[in-house]
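Here is a short report for a first look at this structure. Start with the whole chain, then follow a few of its parts.

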Amino acid sequence: MSAYAAAILRGWIAWKKIPVPQISPDTPPAFFSVIIPVRNEAQNIISLLQDLERQQYLASHFEVIVVDDHSEDATPELVRQFQAQTSMSLTLLFLADFPGKRQKKAAVEIGIRHAQGDWIACTDGDCRLSPHWLQTFNQIRQSENPKMISGPVMYAPTQTLWQQLQALEFSALIGVGAASIAVQKPTMCNGANLAYEKAAFFAVNGFQGNEQVPSGDDEFLLHKIHQKYPGQIAFAKSGEAVVQTPPAATVSKFLHQRVRWASKWKYYQSWSSQVLAVVVLGANVSVLVVLLGAVFNYWPWWLGGIVLTTKIVPDALLLQQVLGLFGKKRLLSLLWLLQLVYVPYIVLTAILGLRGKYHWKGRQLRTA
């Protein structure tokens, strides 16, 4: 537990030191190719395209490439309709036109191979963007000279208790990922908000080496770019860079999503990522064991209180910073409740993640 507390406290200090980008109108604009892999996003895709149309960025310096992964709804038709009336550079590609290509990594790679930009910006079909999203990426690109920029993602809406607990837990993941980048030991990022040099993608051979894992288009690439270009990963610590995505609608979808994420842990080649995963799992198992021991009078309750406090206090310090960026500090009041459900949940998803079997976007998937 002390290792966990030390890691989170180090992350809290690192988060506070991450520079906040100040957008300048004099910053030379790079050309961004925005890649959006989609599957069955008819309910969301138009809102995202409208957000991109409203970007406060030179229209001549970005393009949007939507890559459809065998959608079974009206997603392609809606993109075509939008394409017909927008002045924004918008391309629609179909994975069905590329034999043997399926799933998100293939969609992203096809998009990149058709991209004109020197920089790739990635998001998902169910996301919402700030008008200054690209401008913020461009400012960081100019001021910090990175090869990759990880952006913050938050869950919205957060009206119900179920949504709020998801948002709180997800904010912790964003905070840990940002802090790990700040200490130059990057462990995680999110493909819903990511930008990187196209040349860097090809320099590390893209997704080669982890094609058998359906997820991981973000973190495996993060690890590969860091390995080749150490110290050249940045985090976009700005409210203008925040991307919003909806929380899981049901418990079943939530568990399948988390199992999908957990299924890639065993394929990590990054030493820091493996250690962090073990430390986090170990801390939560410790909490579960001690609390169960207290319930069955095996250990005194005061011991359970010490263990729980040792975990909650560092979590609260880091979360306060992340939730401040998101404008959702009120969620911190639910941290005690999250601990009660989080401990058995993370143990369960870790076990199920080893099996690597889950449902996603209407498909039954399994890691090789």
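What does the accessible surface of the chain come to, and what percentage belongs to carbon and sulfur atoms? The surface comes to about 16,100 Å². Carbon and sulfur atoms hold 57% of that area. The model is a predicted one.

**The chain as a whole**

The chain has 368 residues, and 54% of them count as buried. It contains twelve helices and eleven strands. Take the contacts in the chain with a separation of 6 or more: residues 24 or more positions apart account for 81% of them.

Strand E1 covers residues 32–38. Seven of its seven residues are buried, so the rest of the structure largely encloses this strand. In a regular strand, side chains alternate between the two faces of the sheet. E1 can be read that way: Phe 32, Val 34, Ile 36 and Val 38 point one way. Ser 33, Ile 35 and Pro 37 point the other way. Both sets are buried.

E1 pairs with two strands, E2 and E4. The table sets out these pairings.

| Partner of E1 | Residues | Bridges | Direction |
|---|---|---|---|
| E2 | residues 62–68 | seven bridges | parallel |
| E4 | residues 119–122 | four bridges | parallel |

Single residues mark these pairings. Val 38 has Asp 68 as its bridge partner in E2. Phe 32 stands opposite Trp 119 in E4. E1, helix H2 (residues 45–53) and E2 make a right-handed β-α-β unit.

**Helix H5**

Helix H5 has twelve residues, 133–144. Does its length fit the count, or depart from it? At 1.5 Å a residue, H5 should span 16 Å. Its end C-alpha atoms are 17 Å apart, which agrees. The buried residues of H5 include Trp 133, Leu 134, Phe 137 and Ile 140. Thr 136, Asn 138, Gln 139 and Arg 141 are buried too. Asn 145 follows H5, and its phi is positive, near 50 degrees.

**Lys 311**

Where is Lys 311 found? It is in helix H11, residues 301–326. Is Lys 311 buried or exposed? Lys 311 is buried, because its relative accessible area is 1%, and buried means under 20%. Its side chain makes a polar contact of 3.0 Å with the side chain of Asp 315. Leaving out residues up to four places away in sequence, Lys 311 touches Met 1, Tyr 4, Asn 284, Val 287, Gln 339 and Tyr 342.

Terms used. Residues numbered from 1 in each chain as written. Predicted model: local features only at pLDDT ≥ 70, side-chain atom pairs only at ≥ 80, totals over all residues. Heavy atoms only, no water. Expected span 1.5 Å × (residues − 1). Buried < 20%, exposed > 50% of the residue type's maximum accessible area, 1.4 Å probe, protein only. Contact = heavy atoms within 4.5 Å. Areas by Shrake-Rupley, 256 points an atom, 1.4 Å probe, with all protein chains shown as cover. Pairing = 2+ DSSP bridges. Right-handed = clockwise from strand over helix to strand, strands pointing away. Polar contact = N/O pair within 3.5 Å; in protein donor to acceptor, adjacent residues only side chain to side chain.
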